[in-house]
Amino acid sequence: MAENHHLPPLPPTPPPQAQAPPIIYQHHLPPEKPMAKGTPSHYSKTSSPKRSICTFITIFLLLAGITLLVLWLVYRPHKPRFTVVSAAVYSLNTTTPPLISTTMQFTILIRNPNKRTSIYYDRFSAFVSYRNQAITPKVMLPPLYLEKHSTVSLSPVIGDTPVPVSVEVSNGLMVDEAYGVVGLKLVFLGRLRWKVGAIRTSHYGLYVKCDMLIGLKKGFVGQVPLLGAPPCKVDV
């Protein structure tokens with residue numbers, strides 16, 4: 001007779017446990033702050049009008065400079081030209097040093113080489129020097145106005161008043177008179193203005209030196225020959 005083996009009963013299966021819902025962590029970010037001045041984005045927004053203004057000013061100045069340069073090249077004034085064409089000596093007294101008394105007259109051509117510019121001469125004066133020392137007082141000349149591309153002739157009489165000089169100048173004149181050739185310098189001083197249309201410039205200083213050699217013997221009076229008279233040097 002077979003034996004019945006009774007197995008112990010299985011323990012009951014526990015019911016499935018419900019899974020807990022996943023925990024969601026929320027990160028709260030701080031609110032955005034308004035963009036401060038000076039940041040790249042703010043600079044890009046505000047620099048555009050400034051950049052346009054700067055570009056406009058640069059282009060305007062460039063065009064104005066080019067226009068002024070063209071006008072200057074077209075209307076730029078050239079210095080006047082002075083030329084001594086004749087000389088006369090009416091007296092020359094060197095016998096009472098340290099004073100010298102002389103009276104001279106020169107004819108000078110003043111030319112305005114500008115085709116579009118006129119010239120005004122103010123406070124115009126002249127004197128004669130020998131070895132860089134004045135032997136005549138300064139004589140005032142009338143104001144001049146030279147039209148465009150014009151020439152005027154002046155014949156001022158200079159001197160007739162004794163002036164003090166050094167012994168070197170007095171002796172040098174006597175030696176040169178004995179030799180028959182005297183080197184003189186006619187000097188012009190003044191101020192000039194250029195005029196272009198209705199525009200007048202400010203005053204500019206004028207300094208003109210006219211070196212010359214004249215044939216002069218002691219006791220001679222009257223027109224003397226010009227042995228050498230290069231163009232005068234004009235500084236403005």
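Mentor: The protein exposes about 16400 Å², and carbon and sulfur atoms supply 63% of that (Shrake-Rupley areas with a 1.4 Å probe; for residues, only the protein chains shown count as cover). Keep in mind that this is a predicted model, where local features need pLDDT of at least 70, side-chain atom pairs count only at pLDDT 80 or more, and totals for chains, interfaces and linings use all residues. Residues are numbered from 1 along each chain as its sequence is written, and side-chain values use heavy atoms, with hydrogens and water left out.

The protein has two helices and 15 strands (DSSP runs numbered from the N terminus: H or I of at least four residues for helices, E of at least two for strands).

Now the rings. A search of the whole structure turns up seven aromatic pairs (Phe, Tyr or Trp rings, the six-membered one for Trp, with centres within 6.5 Å; planes under 30 degrees apart are stacked, over 60 edge-to-face, the rest tilted). One of them is Phe82 with Tyr121, edge-to-face at 6.5 Å centre to centre and 85° between the planes. Phe82 sits in strand β1 (residues 81-96) and Tyr121 in strand β3 (residues 118-130), so this pair ties together parts 39 residues apart in sequence. Both Phe82 and Tyr121 are buried.

Then there's Phe124 with Phe188, a stacked pair: 5.6 Å between centres, 25° between planes. Phe124 belongs to strand β3 and Phe188 to strand β10 (residues 181-196), so here the parts tied together are 64 residues apart in sequence. Phe124 and Phe188 are buried too. Ring pairs link Phe82, Tyr121, Phe124 and Phe188 into a cluster.

Another ring to look at is Tyr120: Arg193 lies over its face, 4.9 Å from the ring centre (the cut-offs are CZ of Arg or NZ of Lys within 6 Å of the centre and within 35 degrees of the ring normal).

For the wider picture, take contacts (heavy atoms within 4.5 Å) between residues at least 6 apart in sequence: 70% of them join residues at least 24 apart.

Phe60 counts as exposed because its relative accessibility is 52%.

Note on methods. Buried means under 20% relative accessible area, exposed over 50%, partly exposed in between (1.4 Å probe, protein chains only).
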